[in-house]
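I opened the model and kept notes as I went. The entries follow the order in which I looked things up.

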Amino acid sequence: MATIVLMGIAMGIAGTPNNDTPTSTMPDSFVYLRDVDPTIQQDMRYAGSDNFTGRPVPGYVAPECILVREAAEALKAAQADLKPLGYSLKVYDCYRPAQAVAAFVAWSSEPDDPDAKRTHYPNLSKSDLFPNYIATRSGHSRGATLDVTIVPIGTKPSPGEADPDKPEPCTEGDPADNGLDMGTGFDCFDTKANTVTTGLTAGEEKNRHLLLDVMSRHGFQNYPKEIWHFTFQPEPFPDTYFDFPILPRPGSEPDMPDRT
């Protein structure tokens, strides 16, 4: 039976409390990625407005990547492989609280925002996004799934807030993003974001192969509908969906997303 860790109580799908009762704070088996490898860039899109909802998402109190320790250590090893090539990993999203997933589902019932549609799902309707692109229960909430790309070392992520004048659909890429060109922007709900697709340039194909190779060598399995989406295997919590909020790291100053 899958478990949802919600509001400090571990609840089964039928709503029956389990014997063990985790709190709403981060479990010891989870870590801040900055504490494992601070050289990996973080561009935490759901902590700001530069995402398909156009606003900060509930549960993202701080722009921090949190993962189960095994996934964070594997990501550190992948980063070590990229550094001699002049590249770094950059994460867009890591652990995702269950409350954030519920907010995505609620967003689906709202009227379309023309700007969000133009940028993130230019060729689909909202009803087409579930469940292939946006799950009603996300693997991100289990702590071993993340969204990631590759950037040249020394480049800076874009500002934390969405550009209201951003004219291009995600299928044309995202010139404000410092990531290698993968053929689309992040959170692009389109077949062009599929790991295997048509219409890519030779350079885009090369960049995708580099990402897939380094991630797969360190235990991450790609989701074939999203080139940026990977899950560490085997998952430490394959049947548990956590809901603790993403808070500032102890000792850090709470602030808005800085994409650093």
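**Entry: an edge pair**

I began with E8 and strand E9 (residues 229-232), which pair in the antiparallel sense over three bridges. Helices (H or I, at least four residues) and strands (E, at least two) are DSSP runs, numbered from the N terminus. Two strands count as paired if DSSP finds at least two bridges between them. Phe220 stands opposite Phe232 in E9.

**Entry: ground rules**

This is a predicted model: local features need pLDDT of at least 70, side-chain atom pairs count only at pLDDT 80 or more, and totals for chains, interfaces and linings use all residues. Residues are numbered from 1 along each chain as its sequence is written, and side-chain values use heavy atoms, with hydrogens and water left out.

**Entry: the sheet**

I traced an open sheet of five strands in the order E4-E6-E7-E9-E8, with mixed pairing. Strand E4 (41-42) and strand E8 (220-222) stand at the edges with a single partner strand each, so one side of each has no neighbour in the sheet.

I then checked the pairings around E6. E4 and E6 pair in the parallel sense over two bridges. Gln41 has Lys90 in E6 as its bridge partner. E6 and E7 run antiparallel and are joined by six bridges. Lys90 stands opposite Thr149 in E7.

How many residues of E6 are buried? I found six of its seven buried. Buried means under 20% relative accessible area, exposed over 50%, and partly exposed in between (1.4 Å probe, protein chains only).

**Entry: helices on the sheet**

I looked up what lies across the strands. Helix H2 (residues 69-82) lies across strand E6 (87-93), strand E7 (145-152), E8 and E9, and runs at about 145° to E6. Helix H5 (residues 202-216) lies across E6, E7, E8 and E9, at about 125° to E7. Axes are lines fitted to C-alpha atoms, for helices over the stretch in contact (heavy atoms within 4.5 Å). Angles run from 0 to 180 degrees between N-to-C directions.

Leaving aside neighbours within four places in sequence, Ile134 is in contact with Phe52, Phe104, Trp107, Leu129 and Phe189.

**Entry: salt bridges**

I searched the whole structure and got 15 salt bridges. The criterion is a side-chain nitrogen of Lys or Arg within 4 Å of a carboxyl oxygen of Asp or Glu.

Which residue forms a salt bridge with Arg45 at 2.9 Å? Asp177 does, by the closest N and O atoms. Arg45 lies in the loop between E4 and strand E5 (66-68) and Asp177 in the loop between E7 and H5, so the pair ties together parts 132 residues apart in sequence. Both Arg45 and Asp177 are buried. Asp50 also meets Arg45 in a salt bridge (3.7 Å, N to O), and Asp50 is buried too.

I then turned to H2. Arg69 and Glu73 meet in a salt bridge (3.9 Å, N to O). They are four residues apart in helix H2, so about one helical turn separates them. Arg69 counts as partly exposed at 41% relative accessibility. Glu73 is partly exposed at 36%.
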